Every structure is written in C-alpha cells, then in structure tokens.
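Could you walk me through this fold, from its strands to its cores and loops? Here is the sequence with its structure, and a short tour follows.

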Amino acid sequence: MKILIAGSSGLVGSALGPVLSAAGHSVFPLVRPPQMATKEQVAWNPEAGEMDLGAAAGAEAVVNLAGASIAGIRWSEERKRLLRTSRIDATRALVDAIGKLEPRPRVLVSASAVGYYGNRGDELLDEDSTPGEGFLAKLAVDWEAEALRAEEFGIRTVLLRFGVILSGKGGALEQMLGPFRLGVGGRLGSGRQWMAWVALADVVGMIREAIEDERWRGAYNCVAPEPVTNAEFTKALGRVLHRPTLFPVPPAALRVVFGDMADEMVLASQRVEPKRVAQTGYSYSYPGLEPALREAITQS
C-alpha cells in the first residue's frame with residue numbers, strides 16, 4: 001500500500017514510517033519546501049495549497065501528523081496562531097489536495113488530541129463525550145472538522161485523539177526526565193488531575209490498525225486503558241528512575257512559567273478511556289504505566 005505521511009519527521013512520524021515500511025508498505029513523506037523532494041517523497045506547500053499530485057498518485061492511505069509542538073513554548077498570541085494554522089489550515093490544504101487525486105485514497109488517519117475534552121475533573125470521558133471549553137478544545141474541534149471533510153470525497157476518515165505520548169526521544173516525558181533524574185521531580189499542583197497517557201508503540205500500532213482495518217472510522221481516544229492522576233504518574237516515574245519525588249510545583253509557579261498553557265495542559269484533568277479502541281479488539285503493547293515508562297526510558 002502506498003501511504004503518504006504529513007509530519008513524518010516528528011515524534012510519531014519518525015517512529016511510524018519504519019514500522020509501516022517493515023510491514024511491506026511504501027511510505028512517502030510529504031516534504032516542504034517543494035524543491036527538496038526526492039523521488040520517494042511528495043512535495044507539498046500547505047500555505048499555498050499545493051501538492052505534487054503526480055508524485056502522490058496511487059496513494060491508498062494518508063496519515064496526517066502535521067502541527068507545531070503544543071508544549072515547550074509559552075503560548076503568546078503569535079504562538080497560538082501558529083498552533084492553529086499548522087493544524088487547521090494545513091489539514092484543510094491536505095484534504096483539498098487528496099480530494100483531487102484519482103483514484104482517491106481509501107483512508108485518512110488524522111491526529112487530534114484529548115485536549116478536545118477540556119478540563120473535566122473526575123468525569124469519565126469516552127469518544128461520545130461532548131467537547132470542552134478553552135483554546136485547546138476549540139483547536140481540536142476545528143482540527144477534526146477539517147479532517148472530516150475527507151468523507152465528502154468518499155475517504156474513510158479516522159481521528160485519533162492522542163493522550164500524553166510516552167517516549168524518551170521527545171514530547172512531555174523527555175522534558176520531565178532531567179529534573180526527575182536529579183531527584184527534584186514532584187507532582188504538579190495538587191496532583192489530583194487525571195492524565196491520559198499512551199506509549200509511543202501503541203500510537204504507532206493504532207495508526208497501523210486504522211489504516212489496515214476498515215472497521216476503524218470516526219473518533220478514537222488514542223490512550224492507554226489505565227488513566228492515572230498526576231500524583232500517581234509522578235510516583236511511578238520516581239520508582240522507575242529510583243529517585244525521590246518530594247518537590248511539588250505549586251500552580252502559581254506553573255502559571256508564571258507557562259501562562260495559559262498551565263491551566264489548559266499541565267493542571268487540566270482529563271480522565272479519558274479508550275472505549276471505541278477496546279471495541280476493535282486492539283491489543284496494547286503497554287497497557288500498564290510502569291512498563292511503558294521503563295521502555296520509554298530505555299529508548300531515551
């Protein structure tokens with residue numbers, strides 16, 4: 001199967017490409033600027049809405065992982081605009097482009113995030129739960145709406161709402177490892193906020209299932225079956241690293257450092273369950289937190 005990947009150089013994309021290739025698929029990353037594309041790549045310019053349709057011809061699946069990093073940089077108004085354009089505008093351009101292909105791809109798998117649900121306390125959330133409020137929730141709703149336009153072209157569309165992806169090579173966990181290894185890690189705020197997490201291997205596994213299994217359609221919570229509170233996550237990470245976790249970070253300090261991001265990400269509570277994933281019979285590589293942390297740290 002010929003598979004196009006937008007965002008192939010990111011945390012998920014760089015892990016996904018080799019797995020798909022090993023399974024016998026032909027992987028074609030979407031690259032920009034256009035003049036850098038090779039014969040195993042597809043040139044595209046989402047700002048201009050342009051794609052090399054000749055190079056993309058024959059694609060049977062498309063994976064959309066494009067988007068500027070949500071974490072790590074304080075959210076200025078300029079940064080918020082980039083977060084939106086790199087997801088919403090880029091997805092719109094991608095869907096418009098693949099809609100011009102003949103024949104069209106059979107499936108689009110597009111990233112989303114559990115930020116869709118907003119800050120919901122102890123409420124148990126599944127794929128049928130309503131969207132929440134705030135910048136991230138609005139971003140996810142609009143992002144998904146652009147991806148779902150692919151259905152108008154007869155393309156089966158799968159939305160994967162990612163939780164916190166555990167990898168020692170990038171993402172939130174990599175940022176945590178430094179302080180925790182120094183023995184100065186601790187819970188964030190009260191620690192009572194729920195964290196929806198998932199091992200990188202299972203993100204890749206679910207994307208592959210969504211491509212290959214035609215039963216997958218619509219939104220799925222791409223999270224492990226065991227959500228934990230931040231306090232539980234902190235203790236588990238301390239145990240895996242054999243370090244104390246005695247230094248809680250107060251909410252006020254987090255807001256000084258992260259601004260709006262503190263309340264929408266670090267302190268937000270999302271008790272998310274993968275109900276629709278379970279219905280597919282997907283078998284997790286890492287359903288439990290500590291084994292997932294050990295594997296991620298081993299790879300760091």
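Helices (H or I, at least four residues) and strands (E, at least two) are DSSP runs, numbered from the N terminus. This is a predicted model, in which local features need pLDDT of at least 70 and side-chain atom pairs count only at pLDDT 80 or more, while totals for chains, interfaces and linings use all residues. Residues are numbered from 1 along each chain as its sequence is written, and side-chain values use heavy atoms, with hydrogens and water left out.

Let's begin inside helix H3 (residues 77-98), where serine 86 lies. Is serine 86 buried or exposed? With a relative accessible area of 14%, serine 86 is buried; buried means under 20% relative accessible area, exposed over 50%, and partly exposed in between (1.4 Å probe, protein chains only). The side chain of serine 86 reaches the backbone oxygen of leucine 82 at 2.8 Å, and a polar atom of that serine 86 side chain lies 2.9 Å from the backbone nitrogen of alanine 68. A polar contact here is a pair of N or O atoms within 3.5 Å; within protein, one must be able to donate a hydrogen and the other to accept it, and residues adjacent in sequence count only if both atoms are side-chain atoms. Leaving aside neighbours within four places in sequence, serine 86 is in contact (heavy atoms within 4.5 Å) with Ala66, Gly67 and Ala68.

**Strands and their pairing**

Now for the strands, where two strands pair if DSSP finds at least two bridges between them.

| Strand | Partner | Bridges | Sense |
|---|---|---|---|
| S1 (residues 2-6) | S2 | 4 bridges | parallel |
| S2 | S3 (residues 42-45) | 2 bridges | parallel |
| S6 (residues 107-113) | S8 | 7 bridges | parallel |
| S8 | S12 (residues 218-222) | 5 bridges | parallel |

Strand S2 (residues 26-31) is mostly covered, with 5 of its 6 residues buried. The chain gets from S1 to S2 through helix H1 (residues 11-22), and this β-α-β crossover is right-handed: with the strands pointing away from the viewer, the path from the first strand over the helix to the second runs clockwise. Leucine 4 has phenylalanine 28 in S2 as its bridge partner, and valine 31 stands opposite alanine 43 in S3.

Why can S8 (residues 156-162) be called largely enclosed by the rest of the structure? The reason is that 7 of its 7 residues are buried. Both faces of S8 are covered, with Arg156, Val158, Leu160 and Phe162 buried on one side and Thr157, Leu159 and Arg161 buried on the other. Across from S8, leucine 108 stands opposite threonine 157, while valine 158 stands opposite glycine 218 in S12.

A nonpolar core is a set of buried Ala, Val, Leu, Ile, Met, Phe, Trp, Tyr and Cys residues joined through side-chain atoms within 4.5 Å. The largest one has 40 residues, of which Leu65, Leu160, Phe162, Ile207 and Trp216 touch the most other members. Helix H6 (residues 200-212) gives the largest share of this core, 7 residues. A second, separate core of 23 residues includes Ala6, Trp44, Ala59 and Ala219. Setting aside neighbours within four places in sequence, tryptophan 216 has contacts that include Arg156, Val158, Leu160 and Tyr282.

In helix H5 (residues 171-181), Leu173, Leu177 and Phe180 are buried. Seen down the axis of H5, its buried residues fall within an arc of 80°, so they line one face of the helix; the arc is that of the directions from the helix axis to the C-beta atoms. Strand S9 (164-166), helix H7 (230-241) and helix H11 (289-298) are among the elements that cover the buried residues of H5. Just after H5, glycine 183 takes a positive phi of about 80°.

**Loops worth a look**

A cis peptide bond, with omega about -5°, joins glutamate 102 and proline 103. Proline 103 sits in the loop between H3 and S6.

Histidine 242 belongs to the loop between H7 and helix H8 (251-258). Its phi is near 60°, a positive value in a residue other than glycine, and histidine 242 is exposed, with a relative accessible area of 69%.

Serine 9, in the loop between S1 and H1, is exposed too, with a relative accessible area of 71%. Serine 9 and proline 29 are 20 residues apart in sequence and 8.5 Å apart in space, C-alpha to C-alpha.
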